[in-house]
Amino acid sequence: MNKLKFSSVLPALLLLLFYTIPSDIFAQKKHTISGYVKDKRNGETLIGVTLIADEKEGTVTNEYGFFSVTLPEGEHRLVFTYVGFESYSLDINLLASQVLAVDMTEASVELAEVVVKANANEQVQSVEMGVKTLSVQTIKQLPAVIGEADVLRAIQLLPGVSSTSEASSGFNVRGGGADQNLILLDEATIYNATHLFGLFSVFNADALKDVKLYKGGVPAMYGGRLSSVLDIRQKEGNNRKFGGSAGIGLISSRVLLEGPIAKNTEGVGKGSFMIAGRRSYVDAFAQLSKEFRDNKLYFYDLNLKTNIAINDRNKLFLSGYFGRDNFKLPGLVGAKWGNASGTLRWTSSAGEKWFFQTSLIASQYDYTLDNLRSGYEFSWRSDINNFNLRPRATFYLNDRNTIKFGVDAVYYTFKPGQIIPLKNSPIKEKTFQANHASEVAFYIDNEQKISPKLSFQYGLRWSNFFRLGAENIRQYETGTPLRYDAKYNAYLQNAQIGTRNYGPNELISSDNGIEPRLSLRYLVDPQNAIKLGYNRTYQYIHLISNTTSPTPLDIWTPSGPYIRPQNADQLALGYFFSEKKNAYEISFEIYYKRLNNLTDFVDGADLLFNENIESQIAKGKGRAYGAELQISKNSGRLTGWLSYTLAQSQSKITGINNNQWYATNSDQRHQINLVGFYKLPGRWELGGNFIFGSGRPVTYPSGKYNSNGLVVADFSSRNGGRLPAYHRLDLSATLNPRKTSRSQGQWVFSIINVYNRLNAASIFFREISEVNDVELATGTTEAVKTAFFPIIPSVSYNFKF
Amino acid sequence: MLNYHFQWGTTYKVAAYLFIVFAFSCEKVVTDELNVSQTTPRLVIEGGIERNEVRPKQPQRIRLTSTIPYLSKEQPSVVENATVKVDNGRKAWKLKYMGNGWYEGLDIQPEVGENFTLTIDWNGDRYQGSSIIQAAPKIDSIYYAYEQETSITDEGYFVRLDVADPAGVANFYYYRVLVNDTIFIVPDRGNNRTLILSDVFFDGQTSRRVNPNEEVRIKLGDRVTVQQLGITKGYFDYLYNLFTQTGNQGLSVVGNPPPAPIRSNILNITSPSKYPLGYFYTADVSEKSVFIQ
């Protein structure tokens, strides 16, 4: 019950804001330099370029490559630095505000060996903590499972991020559930980020530009999930010349086209486009077998992004994603699922001190499940969609304050299910009631430099959630669908006494939360910084899933009269070091996270085809704490990082595990990641990673008994046991094209699990049910370890045209 | 290899197909490497009260055992010294111990709608719970056919049913297949969608070509009996969890539901924390048989 008193925090924040703003009025005459930074080669705007003025005042370009810095009148030296690019310096005599167009050149391969690969100690200078950016280039160099470069697998190599299961690209951040990650692709929510039952992520690495993960220190403009934000941006496309790339892998092929739109006389487009596609062909192997000829298993996705500059200050973007999986076993089951999203965005740098952006976003996830069992054939469909309007303004007030504020408004429609008979089966058509909800958040955030040593980023997000009609809400005897009987440690269902009818857009219930966000950076010296971060997050929509990793059939359900919003508080403290030339970096963070009103499910919950989800929900709380150390080497032939995570994550849910705290599925005490890249003098580049993780929790049976002719395990404590430790070495080698070669072909070889260790993905318990190929209940029990990923070599070929 | 929602049908072929796809994943028996300890043994209740017009004289049987460590090679330990009573609110019967954990009552003639309460006194604790007999409609017809191999079943004889569901009532069904008078059941991930059915999506309809158990192997000369049990929602939920957990073949890429104790309808009213396992069910049984020839 020791909740922070916002009534006291809020005035303090405002005081801080007002205290510093007027100081400017009396200062000497100042002017603003603003503009965009682009990649000279293709016109792609560059996100997160560091701009240092006179070796002290710093800023970074925003998500659209825009910067604005206000400096006193007079002479200044501006230096722009960016990962993998030659730094760009400019001497300027500032007499009036001006707009700059900065083109940066990618460091050539020869130079890359000496060029510093990270931004000039941005890690130390930035106020942000708990934030990691991965370049797409790094992601592509990592050893890839069956040759598919995978964003979600790459972020699992970062400290504090772990995998939900070896064969899944679902991930846990700082002990949080896989449903607590907000995954954004060009600002659009991706509800299910995996293909092939979790084996691969939906993100085609070719089409991506930048990947940023917030493990903590989430800025006020993001909200809606408890644990993390994964912000993925697509490439805009080359605005100088038409070109393309393609890749052929063992399970899929990719192609990407990009080029300028409306070229001017200098050959630079007013806009550009990028279109990319990917299709798997694993099902081609099934064609080889007569038995499996009618079976289906494939996925494809399409990425699109176009932009056009209306003028120097205004730009329009249109981006989209569409992906599908299709799976069918004749006579048994068929399933199709996928995400679709579209984003229309307008950005404007109207005044040199203002940057405006407004996005209109639509996203959708749906699945269809066909039960093809004889006698009861039916098709089941479920979907969720939302429309999202996000206006935001950034005000580069002065050299000390950058203020962002805006609104994040979402309208959700949840269609939990519709059942349609197939083949004249007796199943009757039925549609579950749709749920409607609106989430509206207002936020303001200020990044403030108090002194050269002390900087703050503080903000407030006020989120509101409205459950809206039309819907008939079930009413229960004592007001709730379930009651907990402490004596028998059991949930009992309360009788339904009727329904209450709500008309279209009538308010059914409302919730709101105040979400303070704060980061503080104290620069001990230019190489060392100490940071402190606190954030509170609210999550209003809940994933209805009883499994550890996301599955295609998981649906989301909104908060309402019976399901309460979840919230989390996270406090983190960090130390950051960067060597003078930034060749080495060290970061060390500790965090404590508290989760309240955590949504879980009663023992034995049946969640599929269940309209009455509220009768399956149990509630509780969670806690997670840990320490994360990362040492990175950024320059030279050998680059990479070593990270160590020490963590604990627990839940306490009423009615589960005898109401005692228990380890969550993501609880992993120790985790070590070693990631390295080595550039040989010639055309070869090598990559490798070694992963070590202590055993994940597993539930061991506490006894067995017979029932209905089967042997049943009795489980009395959840997650009481541990799997054996996990370790794996993966290697990759990339053969780059000859400088002189015209074909621009690149070979990528990967080996996953080099020493072929059969790591336990799970240990489960079963009755032996087959003797000499005859199915038979034997009454004898055994424990079985399953392992995915033995040694898997793969090769893929990429080329440009 | 699929998640647990895809529990229709045989695991092995689904797995085999996906093995072709992924060409990896393997299983290893680690029984001897694990030390799985046991908490205090719990009382286990099996059996119930069945109304069956075809077999009106059959005894009503309850079996009592207690749990043993999961990886033990022993047989379950039987409970011999309990007092077992059944009553329908008007009359009570004391069941007679017949050996091997079985307690029998011979003269119980249950009727649809009757509520039976089971009371067990054992080791100073009283266990109690009750269940109502739900009507089961008749099986319209039973027939068989020789069917070709599909991606989920082998070729062979399969028994099929046509059944009509009564309209306007929530029905829950449990199918038992007896081959030459022996009940056939194997742990399988399809059990929770094949052996039990709720009529929520087909209320009042006639279902045709229903396969009551996809795993049964039938040969020429066999006599196959299919029993359709009308069961309570409580027993349906119990069986759903039972079949889900016993059908878990660990082949999930994406994880299975968390293992949890399966709740009995019998409570230990003396010391609730020493809860029993198993279920005391009541059912109306309709059955039909067919010779495979």
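Modeller: Helices (H or I, at least four residues) and strands (E, at least two) are DSSP runs, numbered from the N terminus. This is a predicted model, in which local features need pLDDT of at least 70 and side-chain atom pairs count only at pLDDT 80 or more, while totals for chains, interfaces and linings use all residues. Residues are numbered from 1 along each chain as its sequence is written, chains are lettered from A in the order in which they are written, and side-chain values use heavy atoms, with hydrogens and water left out.

Biologist: How many helices and strands does chain A have?

Modeller: The C-alpha atoms of chain A fill a box of roughly 85 × 65 × 45 Å along the principal axes. Counted as DSSP runs, the elements of chain A come to 6 helices and 54 strands.

Biologist: What average pLDDT does chain A have?

Modeller: The pLDDT is the predictor's confidence in each residue, from 0 to 100. In chain A, 93% of the residues score at least 70, and the average is 88.

Biologist: How are the rings of A:Y36 and A:F66 arranged?

Modeller: Rings of Phe, Tyr and Trp (its six-membered ring) pair if their centres lie within 6.5 Å, and planes under 30 degrees apart count as stacked, over 60 as edge-to-face and the rest as tilted. The centres of A:Y36 and A:F66 are 5.5 Å apart and the planes stand at 65°, so the pair is edge-to-face.

Biologist: How many residues apart in sequence are the parts that this pair ties together?

Modeller: A:Y36 belongs to strand β1 (residues 30-39) of chain A, and A:F66 to strand β4 (residues 66-72) of chain A, so the pair ties together parts whose separation in sequence is 30 residues.
As to cover, buried means under 20% relative accessible area, exposed over 50%, and partly exposed in between (1.4 Å probe, protein chains only). Both A:Y36 and A:F66 are buried, and the separation asked for is 30 residues.

Biologist: Is A:W556 buried or exposed?

Modeller: The relative accessibility of A:W556 is 8%. Because that value falls under the limit of 20%, A:W556 counts as buried.

Biologist: Which residue lies over the face of A:W661?

Modeller: A charge sits over a ring if NZ of Lys or CZ of Arg is within 6 Å of the ring centre and within 35 degrees of the ring normal. At 3.7 Å from the ring centre of A:W661, the residue over its face is A:R623.
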